[in-house]
Amino acid sequence: MTEENIKITEDLTIPQLFLHQCKRYGDKKVAMREKEFGIWRPFTWKDYLENVKYLSLGMVSLGLKRGDKVAMIGDNRPEGVWAEMAAMCAGAIPVWLFQDCMMEEVKYIIDHSDSSFFVGETQEEVDKGIGIMPDCPKLEYIIWDDPKGMRRYNQDFLKSIKVVQELGRELDKKEPELFENLIKEGNGNDICLLFYTSGTTALPKGALLTHYNMLSMGEDLMKTDPCYDTDDFVSYLPFAWIGEQMMSISCGLQIGYTINFPEEPETGQHNIREIGPHVMFAAPRLYEGLTRQVQVKYLDSTWIKRKIYEIATKIGYHVADLRFEKKHIPWYWKVSNWFAYITMQKKMKDHLGMSRLRYCYTGGAAMGPDHFRFFHALGVNLKQIYGQTEIAGISVVHRDGDIKFDTVGTPLPGTEIKITEDGEILSRGPSVFKGYYKNDEATEKTLKDGWLYSGDTGFIDDDGHLVVFDRSKDVMLLNDGKPFAPQYLESRLKFSPHVQDAWVIGDKLPYITAVMCIDYSVAGKWADEHKINYTSYPELSQDPRIYNLIQEQIEEANESLPEPAKIRKFVNLFKAFDADDDELTRTSKLRRGFMAERYKDIIENLYKDTDIVHLDMTITYEDGREQPIKTDLRIQEIESKQ
Amino acid sequence: MDNSSEVREGDVLLKLENILMAFGKVQALNGVSLEVKKGEIHSIIGPNGAGKTVMMNCINGLYHPQQGDIYYKGKKINHLSPHKRAEIGIGRTFQKLELYGGMSVLDNIRMGSHVHLKSGIVSGSIYAGKTKKEELEDRRFIEEEIIDLLEIEEIRDQVAHMLPYGLQKRVELGRALALRPEVILLDEPMAGLNLEEVEDMARFILDINEEKRWKVTCILVEHDMGVVMDISHNVFVLDFGNMVIDGIPEKVSSDPQVIKAYLGEEDLYATRR
């Protein structure tokens with residue numbers, strides 16, 4: 001870090017750091033870029049400051065006060081960061097919502113958080129805001145930034161971001177000192193974010209994070225894996241996920257790297273390739289998707305390309321394994337790896353947008369060893385991290401050259417980790433949150449003497465690495481007492497490109513079964529090649545040949561497993577799991593308890609002597625509409641090969 | 001949109017007078033008259049073979065009626081060829097897609113704005129001066145006004161015929177819009193689309209009709225009654241070459257003759273909701 005860098009202390013707030021960085025870089029450096037109308041458009045730190053300043057003052061002139069909550073929803077875009085920073089500068093507390101949240105969730109969070117402002121992006125979010133207004137009396141203003149479709153909206157409480165910024169400009173003319181005074185007033189131990197956890201079990205809880213929580217976490221991560229202000233980062237995961245906040249705000253602001261926003265969520269992957277970020281953090285699902293993409297492209301390519309890929313991956317896997325085992329890599333393997341690099345890895349990394357990647361992290365859920373090895377075999381420095389919203393993001397991470405894919409690494413400097421007698425993981429450090437908003441009971445359970453009780457179980461191995469078991473309730477026992485780890489099995493199944501999702505069942509039951517969701521595009525392509533006609537996901541999923549294809553994938557995963565842990569029966573679901581149906585959390589974790597209830601007919605029949613399940617249920621669309629579904633699903637048994 | 005000042009909103013923009021069109025002994029249009037006012041969405045409905053597409057083809061110049069006149073902004077345009085009519089602001093999309101399959105989405109759309117490029121062969125061959133300026137302005141218009149409106153950012157570089165049908169329909173609308181038409185003929189834009197795509201398409205039609213920067217008058221041929229009744233200002237009902245009724249949707253949907261001839265046949269023309 002340079003001398004000009006400000007020191008992170010308990011007194012420093014995020015807005016103070018923001019102001020410092022804006023003054024330091026001015027219009028000499030690009031703070032963020034957004035691809036819009038086909039062109040990357042830069043915003044310098046000066047632009048960033050001006051936009052935040054006037055938006056902040058505009059909200060102040062509409063009556064925003066210190067400590068008020070500002071709810072925000074929308075895709076990743078500069079206006080989103082401006083709004084968040086503007087709220088913080090005014091001393092208010094931003095509350096982020098996932099952009100695909102249903103009305104009920106939006107209503108719950110806005111109401112529970114006592115938000116008085118709601119910042120949406122387009123007509124869709126504005127509609128959600130207007131829809132909940134009668135139930136959320138504290139909500140006063142809705143601010144939007146994309147005029148598309150807004151021509152018929154003229155309610156007084158609706159303001160465009162431009163109008164609010166105009167109000168801010170007027171206020172600034174009257175009181176030119178006001179903005180900086182507002183920033184000066186803050187203290188590092190003030191609450192800066194109210195963050196609703198996605199919650200695999202109950203209603204979302206609002207975690208209160210301070211400026212110091214966020215900044216100290218960022219500082220500690222950057223000590224471990226340094227980034228530089230010449231780096232690029234692509235922000236495309238939901239802002240309502242702490243991982244994105246950590247990279248865009250906690251780390252981004254103190255390092256000063258450029259944050260890039262894709263044109264649309266759908267163009268994300270393409271835009272990542274254009275930027276070539278230096279650092280990346282995503283949930284396992286993204287890496288699983290990339291792996292699938294590579295596997296499919298491989299199946300599609302010519303014979304010679306497939307051969308080169310096969311040889312190069314073999315070399316890559318061998319070298320990666322040597323590195324994992326911390327063994328010396330002999331010169332001939334180094335030469336071979338160079339060959340693998342120039343023939344395959346280099347091009348592959350370019351296509352995935354990983355050419356310049358120094359570090360990439362995965363966290364939020366378990367990731368299977370297959371996926372993990374796959375990226376290391378490509379020469380990508382993928383690391384596990386462990387953490388939670390309550391510790392402002394992360395607390396444990398893999399170090400360069402010390403990567404064990406069954407662990408999540410070692411604690412960040414400044415963070416202590418210990419394991420209780422029951423095996424629960426506790427952490428302590430400057431980033432531990434202040435408690436849950438309006439929920440003392442949960443706070444008392446989670447925070448004791450400065451220790452954060454995570455609810456996860458695990459242990460610390462001989463090298464000081466933390467091993468996290470699946471969430472304690474997800475380590476399951478068959479009814480004969482034999483343990484099995486469903487998440488591990490699921491991640492193995494998901495390594496097949498034909499499988500989008502899998503749900504492994506067997507808790508207190510005689511054997512293990514699985515509900516599979518096929519990947520519509522990949523399995524559909526396979527069906528095309530095999531001349532199988534289909535019209536829809538439900539139809540394709542029930543085709544006997546697709547069943548056999550999925551059975552092959554399961555048998556492959558079964559091979560390395562001991563007899564009791566093998567999957568015996570499975571059923572292909574008529575749809576993919578979806579957060580709108582509450583089957584997944586917004587961060588794409590399976591909600592097992594809910595699923596067990598929703599699909600109890602399936603479970604029941606998987607353990608009966610039958611080969612068909614009748615289902616009669618409703619599915620929910622993103623706009624909240626529901627549709628009843630009646631269908632029959634076939635159960636297929638996997639015969640033991642012994 | 002440049003010469004829009006000539007006709008004000010609510011004035012008659014396009015007029016068909018007593019159009020007679022026969023193919024051999026088949027009377028496709030039997031003295032049909034229609035007035036389309038500037039700024040409205042005027043739908044044409046009718047059973048298969050009623051002559052809807054023939055009417056579109058007459059307006060756009062693919063067919064020349066044997067009798068009757070067509071006026072655009074008060075001027076008779078009977079003699080104009082389709083490309084001339086395109087130049088004066090009449091755009092259209094087709095029932096069956098007519099995209100350039102091998103070209104990218106962007107190139108397809110750019111083709112639509114070709115009539116607006118005026119620079120000469122010399123500057124064109126070296127891509128300098130006027131050509132460069134024009135091309136850049138044209139690209140900006142396409143990106144800001146069309147690709148953004150139709151939400152097709154992620155497919156702009158893809159080859160048109162590789163796209164799913166619903167997206168191809170969108171691209172065709174994009175190409176028609178690149179012409180900057182004052183009136184657009186939409187021939188069954190919803191046909192073959194799923195519910196979600198139909199809703200998107202209806203939204204796009206409303207956008208181009210209502211947004212200040214577009215304000216395009218729309219003539220819509222469509223079978224989806226739900227959409228027609230929801231978004232049209234006026235509905236023109238055609239049956240075997242004859243006009244049945246022309247009026248606001250409420251009036252049309254309660255007309256006994258229409259119910260009998262058209263809306264009653266639920267099986268054939270059921271709406272999607």
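**Figure 1. Where chain A touches chain B.** Two residues are in contact if their C-beta atoms, placed from the backbone, lie within 7 Å. The model shown is predicted. The contact draws 8 residues from chain B and 7 residues from chain A. On the chain B side, helix H5 (residues 129-150) gives the most, with 3 residues. The side of chain B that touches chain A has 8 charged residues, no nonpolar ones and no polar ones.

**Figure 2. The domains of chain A, and the contact between two of them.** Chain A is divided into domain 1 (14-280), domain 2 (283-380), domain 3 (395-469) and domain 4 (473-637). Taken over C-alpha atoms, the centres of domain 1 and domain 2 of chain A are 35 Å apart. Their contact takes 9 residues from domain 1 of chain A and 10 residues from domain 2 of chain A. Look at the domain 1 side. Helix H10 (268-275) and strand S12 (279-282) of chain A each supply at least two of its residues. By class, this side of domain 1 has 4 nonpolar, 3 polar and 2 charged residues.

**Figure 3. A buried strand of chain A and its partner.** Strand S8 (residues 191-196) of chain A is largely enclosed by the rest of the structure, because 5 of its 6 residues are buried. S8(A) pairs with strand S9 (residues 206-210) of chain A. The pairing is antiparallel and runs over 5 bridges.

**Figure 4. Inside the nonpolar cores.** Nonpolar side chains tend to be buried together in soluble globular proteins. Here the largest nonpolar core has 137 residues. Ala71(A), Ala86(A) and Leu97(A) have the most contacts inside this core. Helix H2 (residues 45-61) of chain A brings the largest share, 9 residues. Now focus on Leu97(A). Leaving aside neighbours within four places in sequence, Leu97(A) is in contact with Ala71(A), Met72(A), Ile73(A), Val106(A), Ile109(A) and Ala240(A). Another core, of 65 residues, lies apart from the largest one. Its members include Ile109(B), Leu177(B), Leu193(B) and Val235(B).

**Figure 5. The fold of chain B.** Chain B has 11 helices and 10 strands. The radius of gyration of chain B is 19 Å, close to the 19 Å that the globule rule gives for 273 residues, so chain B is as compact as a globular protein of that length. Its C-alpha trace spans about 60 × 40 × 35 Å along the principal axes. Of the 273 residues of chain B, 38% count as buried. Among contacts in chain B between residues at least 6 apart in sequence, 69% link residues at least 24 apart.

Terms used
Residues are numbered from 1 along each chain as its sequence is written. Chains are lettered from A and ligands numbered from 1 in the order in which they are written. This is a predicted model: local features need pLDDT of at least 70, side-chain atom pairs count only at pLDDT 80 or more; totals for chains, interfaces and linings use all residues. A residue is buried if 20 or more other C-beta atoms lie within 10 Å of its own, exposed if 12 or fewer, and partly exposed in between; C-beta atoms are placed from the backbone. Helices (H or I, at least four residues) and strands (E, at least two) are DSSP runs, numbered from the N terminus. Two strands pair if DSSP finds at least two bridges between them. Domain bounds come from an automatic or database domain assignment. Ala, Val, Leu, Ile, Met, Phe, Trp, Tyr, Cys and Pro count as nonpolar, Asp, Glu, Lys and Arg as charged, and the others, Gly among them, as polar. A nonpolar core is a set of buried Ala, Val, Leu, Ile, Met, Phe, Trp, Tyr and Cys residues joined through C-beta atoms within 7 Å. The radius of gyration is taken over C-alpha atoms; the globule rule is 2.2 Å times the number of residues to the power 0.38.
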